[in-house]
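Reader: I am new to this structure. Could you take me through it piece by piece?

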Amino acid sequence: MERIGFVTLLSVVLFSMTTAVSAEKMVRDYPLDQLTDHTWVIHGPKAFPSVENQGFMNNPGIVLSDAGVVVVDPGSSLYAGEMVLRMVRQITDAPVVAVFNTHVHGDHWFGNDAIHRAYPDAPIYAHPQMIADAKAGEGASWNRNLEKLTEGFTAGTSLVFPTVALNHGDEVKIGNLTFRMHHYGEGHSKTDMMIEVVEDQTVFLGDNAMVERLGGMQSGTFQGNIAVLNEVLKSEAKTWVPGHGTSGDRSVVTTYRDYLAAVYDGARYAFNEDLDSSEVKSVVAKRTTAYQAWAGYDFEMGRHANQAYLEVEASEF
Ligand SMILES: [Zn+2]
């Protein structure tokens, strides 16, 4: 009798704890920055996923057309996506009518879950390779990593995959606005889709460019990423939204491209001079001093140097 009582009491306590914890799962609000007539961006923190930032660190975009709201990359979890929806409500009561995802990395698209729960009919657009890779395991592995790095905060997020594949040059008309797709092969990853809001002369670059922050290059190549940025710079756009860091003019693109080129050229120099692969890091460090203060530099620069060295080596054979 006593034992049953204890178990019952324990279940009640556990149940209320679970309820309390899930009720507290809220990504804190971030300011909404209006960039152009129809385009707002929530500039996430530049740090890497952590307990402190609740795994949220990308730049969700909110584009207000006269047919409804379009969201680009709604963040890293169900809870980040819910925060994006709260920010949408600060500017309009209109429904979300479409979502675009820039690439396969989960910090950009796991917020699809929140949008899908609220607006199940809104199509979610991405490059076909993004959809394939996300379903083939990239989504699940990002989910595990984010959950680990946030010590469980992002848990409860369901993977909601994009529903409509788009290719380079495709244009999606939504109300008074045109969304033009840019894909130039392998850049930051093989799955990148850069999204231009034509009427606003604004481009969402995904992680093909970042500002004051470096990120992993494991899914892409240096030469590819540099080429992709040179291609997209042919656009007439005036406002550029990086995957991480503050939006701005064309220097968003050129500054990041110049970093990638400095790493690649440093690696090529080291290779041509027959320097040992262990020396490539110091060669690249000397050429990238302008980027030393960027978030992730200490961790990523050495890895970038090694990867670029292997890329140079592979291109020589
Ligand atoms: Zn990425």
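This is a predicted model: local features need pLDDT of at least 70, side-chain atom pairs count only at pLDDT 80 or more; totals for chains, interfaces and linings use all residues.

Reader: What is the handedness of the unit made by β4, helix α2 and β5?

Author: Helix α2 spans residues 78-91. Together, β4, α2 and β5 make a β-α-β unit. The handedness of that unit is right-handed.

Reader: How many residues lie between β3 and β4 in their hairpin?

Author: Strand β3 holds residues 61-65 and runs antiparallel to β4, with 5 bridges joining them. G61 stands opposite V72 in β4. The two strands form a hairpin, and the number of residues between them is 2.

Reader: Why is strand β4 largely enclosed by the rest of the structure?

Author: A residue counts as buried if 20 or more other C-beta atoms lie within 10 Å of its own. Strand β4 runs over residues 68-72, which makes 5 residues. Strand β4 is largely enclosed because the number of its residues that are buried is 4 of the 5.

Reader: Which residues touch the most other members of the largest nonpolar core?

Author: This core has 77 residues. The largest share of the core comes from α7, with 10 residues. The residues that touch the most other members are V71, V263 and A267.

Reader: Which residues is V263 in contact with, leaving aside its neighbours within four places in sequence?

Author: Contact here needs C-beta atoms within 7 Å. Neighbours within four places in sequence are left aside. What remains for V263 is F222, V284, T288, H304, A305 and A308.

Reader: How far apart are the end C-alpha atoms of helix α9?

Author: Helix α9 runs over residues 297-315, which is 19 residues. At 1.5 Å a residue, α9 should span 27 Å. The distance in the model agrees with that: the end C-alpha atoms are 26 Å apart.

Reader: What covers the buried residues of α9?

Author: The buried residues in α9 are E300, M301, H304, A305, Q307, A308, Y309, E311 and V312. Two of these, H304 and A305, are among the contacts of V263. The cover of the buried residues includes α6 (222-232), α7 and α8.

Reader: Is D274 buried or exposed?

Author: D274 sits in the loop between α7 (251-272) and α8 (280-287). Its phi is positive, near 60 degrees, in a residue other than glycine. D274 has 7, so D274 is exposed.

Reader: And Q54, buried or exposed?

Author: Q54 lies in the loop between β2 (39-42) and β3. Phi of Q54 is also positive, near 60 degrees, in a residue other than glycine. Q54 has 23 C-beta neighbours inside 10 Å, so Q54 counts as buried.

Reader: Which are the edge strands of the open sheet of 5 strands?

Author: The strand order is β8-β9-β10-β11-β12, and the pairing is mixed. From one strand to the next, the twist averages 20 degrees. An edge strand here pairs on one side only. The edge strands are β8 and β12 (239-241).

Reader: Which residue takes a positive phi in the hairpin of β8 and β9?

Author: Strand β8 (residues 171-174) and strand β9 (residues 177-182) are antiparallel, with 4 bridges. K173 has T178 in β9 as its bridge partner. The hairpin has 2 residues between the strands. With phi near 55 degrees, the residue is G175.

Reader: Which residue does M181 stand opposite in β10?

Author: Strand β10 covers residues 194-197. β9 and β10 pair in the antiparallel sense over 4 bridges. In β10, M181 stands opposite I195.

Reader: What is the bridge partner of F204 in β12?

Author: Strand β11 takes in residues 202-204. Its pairing with β12 is parallel and has 3 bridges. The bridge partner of F204 is V241.

Reader: How far apart in space are P162 and F204?

Author: P162 is in the loop between α5 (128-149) and β7 (164-165). P162 is buried, with 23 other C-beta atoms within 10 Å. In sequence, P162 and F204 are 42 residues apart. In space, C-alpha to C-alpha, they are 17 Å apart.

Definitions and conventions: Residues are numbered from 1 along each chain as its sequence is written. A residue is buried if 20 or more other C-beta atoms lie within 10 Å of its own, exposed if 12 or fewer, and partly exposed in between; C-beta atoms are placed from the backbone. Two strands pair if DSSP finds at least two bridges between them. A crossover is right-handed if, with the strands pointing away from the viewer, the path from the first strand over the helix to the second runs clockwise. The expected span of a helix is 1.5 Å times one less than its number of residues. Two residues are in contact if their C-beta atoms, placed from the backbone, lie within 7 Å. A nonpolar core is a set of buried Ala, Val, Leu, Ile, Met, Phe, Trp, Tyr and Cys residues joined through C-beta atoms within 7 Å. Axes are lines fitted to C-alpha atoms, for helices over the stretch in contact, and angles run from 0 to 180 degrees between N-to-C directions.
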